Amino acid sequence: MTPVKNRRSLQKKLLSWYRRNRRDLPWRRTGDPYRIMVSEIMLQQTQVATVIPYYLRFIKTFPTPSSLARSPLQNVLKLWEGLGYYTRARNLHRAAQAIHEQWNDQVPSTVEGLSSLPGIGRYTAGAVASIAFDVKAPVLDGNVRRVFCRIFAIRKDPRQAAVQDRLWGLAADLLPDRNVGDFNQALMELGAAVCLPRTPFCSLCPVRKSCRAYQLGLQDRLPLRIERRTVPHNKIAVALIQNGRGLLMGPRPEGGLLAGLWSFPEMDGSKATTHRRIEQEIEKRFGLEPNLLRPLEPVTHTFSHKRITYHPYLFNCVSASKRLPEPWRWIPAAKIADYPLPNATRKIFDQIAVDVQLAKRATPLPLAAERATVYRKRPK
Ligand code: SF4
């Protein structure tokens, strides 16, 4: 690959712009590699403003790799609740255990060492190595990709493997010998604050004289926008089954969507379209005989690869089976907030938590039949 011609000038301009304009962020006030690693993992696919409160709480609770490694996963997931992409939390927990057991509680200082940890890919390894240890390692995230496609007027789909290779090559070639972490952060900051996706502020840009897209008037058209495929939209029916001991809940299975978080029983909403069908399914799975109290408001959640609309129904259940199948439990309503919950489950639960004033109750959920409209009596 041909080396970038004006490399020195780009390095100088970007570094000096970054020093004048960098945002004061909590993870930029530390040189602790563990804290930098936590911030980089939280920032994957998540905006800075969202991450800040989560980062501060996480570091307060788990200030070192060993404190995180020793914690039960459920506590880690609870702290992560609402941040999304929960695989990151599970991987970070496993990474902390590896650092504790195999790296003597020290975050590895090389790209190879970092890449050996669960959940650390090429970008995160480069970011942590360069920012925490000033290792000459490139980074390529969405912001840097956009900046490069514009500076070098790359008119091809940036998702193509050959284009990705070229972008990684440019990221490596542009690196200075020192202040590598600052340089990488300057590129990311430029993409986040100036070289914005739809309307780049070229008049404020420190590298506009070197930017081919700016010179050619292509800055609004690059990178090439490839039409997104429409994501599937699924329907899920959710059964909130209450009895004198609480609500029926269980942890989601390993390896599936939102693994380890706690939910109410769910079933395919395209099949279980009527409450009678849902009741039959509950009977089959749990040996319970529920009575529908009322349907609740649907909740839609968008994941990276699909949208799901949850259709929740509140049931009363006087005949609790003696033994629930593992791992299901009756959870007292006042204790539900102690469990790690997916966003949609929390929104569904909030609808009845307010209704029966659960927040003030320390005792299990009472039967709410006297307050709720009984929708249909189960035929004997
Ligand atoms: S000149 Fe405009 S398009 Fe080019 S890098 Fe700067 S902000 Fe982006």
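Student: In this predicted model, is Arg285 buried, partly exposed or exposed?

Tutor: The class follows from the relative accessible area, where buried means under 20% and exposed means over 50%. Arg285 has a relative accessible area of 31%. That value lies in between, so Arg285 is partly exposed.

Student: With which residue does Arg285 form a salt bridge?

Tutor: The closest N and O atoms of the pair are 3.8 Å apart, which is within the 4 Å cut-off for a salt bridge. Both residues belong to helix H13 (residues 275-286), and being 4 residues apart they are separated by about one helical turn.

Student: What is the N to O distance in the salt bridge between Glu326 and Arg329?

Tutor: The accessibility of the two partners may be stated alongside the distance. Glu326 counts as exposed at 64% relative accessibility, whereas Arg329 is partly exposed at 38%. Their side chains meet in a salt bridge with an N to O distance of 3.6 Å.

Student: Which residue forms a salt bridge with Arg252?

Tutor: Arg252 lies in the loop between strand E2 (246-251) and strand E3 (262-263), and at 14% relative accessibility it counts as buried. Its partner is in strand E4 (residues 266-268), 14 residues apart, and the pair links distant parts of the chain. The closest N and O atoms are 3.0 Å apart, and the partner is Glu266.

Student: How many salt bridges does the structure hold?

Tutor: For the structure, the number of salt bridges is 14.

Student: How many of the residues of E2 are buried?

Tutor: The pairing of E2 provides the setting. Strand E1 (residues 233-243) joins E2 through 2 bridges in the antiparallel sense, and the two form a hairpin with 2 residues between them. E2 also runs antiparallel to E3, with 2 bridges. E2 is mostly covered, and of its 6 residues the number buried is 5.

Student: Which residue in E8 stands opposite Leu247?

Tutor: E2 and strand E8 (residues 329-331) are antiparallel and pair over 3 bridges. Elsewhere, Asn243 stands opposite Gly246 in E2, and Gly250 stands opposite Ser263 in E3. Opposite Leu247, the residue in E8 is Ile331.

Student: Which residues of H3 are buried?

Tutor: Helix H3 (residues 48-61) has 14 residues and reaches 20 Å from its first C-alpha to its last, close to the 20 Å expected. The cover over its buried residues includes helix H2 (33-43), helix H4 (65-70), helix H5 (73-80) and helix H6 (87-102). The buried residues are Val51, Tyr54, Tyr55, Phe58 and Ile59.

Student: Which residues lie closest to the centre of the largest pocket?

Tutor: The largest pocket has a volume of about 1700 Å³. Its lining comprises 44 residues, and the elements that give two or more of them are H2, H3, helix H8 (122-133), helix H9 (142-151) and helix H11 (180-193). The lining residues closest to the centre are Asp141, Gly142, Asn143, Arg145 and Arg146.

Technical notes
Residues are numbered from 1 along each chain as its sequence is written. This is a predicted model: local features need pLDDT of at least 70, side-chain atom pairs count only at pLDDT 80 or more; totals for chains, interfaces and linings use all residues. Side-chain values use heavy atoms; hydrogens and water are left out. The expected span of a helix is 1.5 Å times one less than its number of residues. Buried means under 20% relative accessible area, exposed over 50%, partly exposed in between (1.4 Å probe, protein chains only). Contact means heavy atoms within 4.5 Å. Two strands pair if DSSP finds at least two bridges between them. On a 1 Å grid over the protein atoms alone, a cavity is a set of points where a 1.4 Å probe fits but cannot get out, and a pocket is an open set with protein on both sides within 12 Å along at least five of seven lines; lining residues have an atom within 4 Å of a point. Grid points are joined across faces, edges and corners, and a volume is the space filled by probe spheres set on the points.
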